[in-house]
Amino acid sequence: MKTKQILLASLIVSALCLFFGCSVTGPLQRRQVAPRLSQLSRTERQERQSDYRPQVVKLQRDSSTFYLAPVDTLADGERVMSFEIEQVTVAAKMRSVPERNGRVVLDFIVSLPKQLLGGSRSVVITPILHKPDGRMELEDLVIRGGRFSLLQQRDYWQYETYVERFRPDTLGREAAFNRFVKFPYPEDARLDSVVERRGMMTYYYSEEVPTDESSKRMTVTLEGKVFGIDDSSYRLPPSDTLDYVVTSMLSFVDTLLQQDTAYMRGVELLKKRKYAEALYTLNSYNDRNTVVAHLSLDYNERALTLLAALPKDAVTEYLQAIVCARLGRKEEGRRHFLEACRLDERMEYRGNLDPEITELLKD
C-alpha cells in the first residue's frame, strides 16, 4: 500500500511539473533564450586568422583564458571536451569577404555563456548559409550536458549488449537501435563537447563555400534546438543575420570590348563566375578580362605580367595593387594603389571594399 502511495505521489509530482513547465527545457521556453549576432572586431579576426589551428575554442574561467583545439574521436565514436554554457551569441555583422578561385571563407564567433545548457540537456546549433538560390546547412555545433552524455553512453551500452547477445539481422539491429538509443550521437558535427564545469565558451567558426553568379551577397543565421533527457525540447527563436558582401574582380570586367563571338562567350562565362572555362576562351587575348580571369583563379604572377603590358590607367594600377598585396610586395602595392586613386578618386572607395587593399595600407 505504501509503495502504491509513493508511486502515485511521484506521478502527481511529475504531472504538476509538466503542467507548470518544470521540464528540463521549460525554463528556456519561459525566458525565450535566443541566438544573438554582433560584430567580430578586426583585432579578433586577425588573431584567429593568424592562428594556424583551424577551429580554436576559447574558455573563459574567472580571470583565466584557455584555448582548446577541436576534440578527437575516440574508438567508440565519443568526442569529449569539458566546460559548461547557457545562451548563444554569434559575433560578426556585415563585412566584405574576398573571393579566391571561386570560393570565399565565411567566419564568425559563436559565444555560449551559462544558461542555455544544463547537465540534463543537449543543444544543437546549426549555422545556415542563405543565398538567392537557396539555403545550405553548415556543420552543427553540439554541446551536451554531463548527465545527458551518461544517458547516451548507457543507451549505446544496452544496444551493443543486445546485439552481442542475440545477433539480430540488419533489420533487427535497426529496430534494436531505435528501441534502445533515445538520443543518437551526432554525425558530422563541427564541435561535439561534453559540459563538465561552468564558464564562458567562444568558438571560432570558419567555412569555405563556393560562389556562383548569385553570390554577390551571402547571409548566415543560426537555428538550434535544445533536448532534455525527459523528452522535452525547445526550439531556439530565429537569430539575427550576419551579412557578407562578396568582393570579386568582376566589377573590373570590361564589357565595352566588342570582339568575336568566342570572346563574348568568354566574358559571359566570366560574369557567371565560371572562371576556368572563361580563361580557356580568353587566355589568348591578354587584355583586362584575361587578367580578371587569372586573378579570380589566384594566378597572380601571370596576372602581374599581363598588367605590366597593358596601358596605364586607374584600373590597371588598382589591379596591380591587388596582385602585389597577394604576393607580399607591400610597398610596391601601396604605390600602385595611390596612383590608382590619383587617376580616379573612386578607387579610394573601392579600396574600402577589398580586404586585400585594407591589409596593404596597414602600418
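The crossing of helices α7 and α8 is left-handed, a term used when the near helix is turned anticlockwise from the far one by less than a right angle, with right-handed kept for clockwise. What we are looking at is a predicted model, in which local features need pLDDT of at least 70 and side-chain atom pairs count only at pLDDT 80 or more, while totals for chains, interfaces and linings use all residues. Residues are numbered from 1 along each chain as its sequence is written, and side-chain values use heavy atoms, with hydrogens and water left out.

Let me stay with that helix pair. Helix α7 covers residues 275-282 and helix α8 covers residues 288-296, and the two pack at an angle of about 145 degrees with their axes 9 Å apart; the axes are lines fitted to C-alpha atoms, for helices over the stretch in contact, and the angles run from 0 to 180 degrees between N-to-C directions. From α7 the contact takes Tyr275, Leu279 and Leu282, and from α8 it takes Asn289, Thr290, Ala293, His294 and Ser296, where contact means heavy atoms within 4.5 Å. These residues divide into four nonpolar, four polar and no charged, on a scheme that counts Ala, Val, Leu, Ile, Met, Phe, Trp, Tyr, Cys and Pro as nonpolar, Asp, Glu, Lys and Arg as charged, and the others, Gly among them, as polar.

Helix α8 also packs against α6, at an angle of about 35 degrees and with the axes 11 Å apart, and this crossing is likewise left-handed. Here Tyr263, Val267 and Leu270 of α6 meet Asn289, Val292 and Ala293 of α8, and by class the contact has five nonpolar residues, one polar and no charged.

Now to Thr281, which is found in helix α7. Is Thr281 buried or exposed? Thr281 is buried, because its relative accessible area is 18%, and buried means under 20%, exposed means over 50%, and partly exposed is in between, with a 1.4 Å probe and protein chains only. Leaving aside neighbours within four places in sequence, Thr281 is in contact with Ala262, Tyr263, Gly266 and Leu269.

Next, the nonpolar cores, each of them a set of buried Ala, Val, Leu, Ile, Met, Phe, Trp, Tyr and Cys residues joined through side-chain atoms within 4.5 Å. Which of the 34 residues in the largest core touch the most other members? They are Phe252, Leu270, Tyr318, Leu319 and Met347. The elements giving two or more residues to this core are α6 (261-271), α7, α8, α9 (300-309), α10 (314-327), α11 (330-343) and α13 (355-360), and α10 gives the most, with seven residues. If we take Leu319 and set aside its neighbours within four places in sequence, the contacts are with Met249, Phe252, Arg288, Val291, Leu295 and Leu307. There is also a second, separate core of 26 residues, which includes Val104, Leu112, Met218 and Leu242.

Stepping back to the chain as a whole, there are 13 helices and 15 strands, these being DSSP runs numbered from the N terminus, with helices as H or I of at least four residues and strands as E of at least two. Of the 363 residues, 48% count as buried, and among contacts between residues at least 6 apart in sequence, 69% join residues at least 24 apart. The chain exposes about 19700 Å², of which carbon and sulfur atoms supply 52%, with accessible areas coming from the Shrake-Rupley method with a 1.4 Å probe and, for residues, only the protein chains shown counting as cover.

I will finish with some single positions. Val181 sits in the loop between α5 (170-180) and β11 (191-198), and Val181 is buried, with a relative accessible area of 5%. Not counting residues up to four places away in sequence, Val181 touches Asp155, Tyr156 and Tyr159.

Asn101 belongs to the loop between β6 (95-98) and β7 (103-112) and counts as partly exposed at 45% relative accessibility, while Asp298 lies in the loop between α8 and α9 and is partly exposed, at 32%.

Lastly, Glu301 is found in helix α9 and counts as exposed, at 51% relative accessibility. The C-alpha atoms of Glu301 and Val323 are separated by 7.8 Å, although the two residues are 22 apart along the chain.
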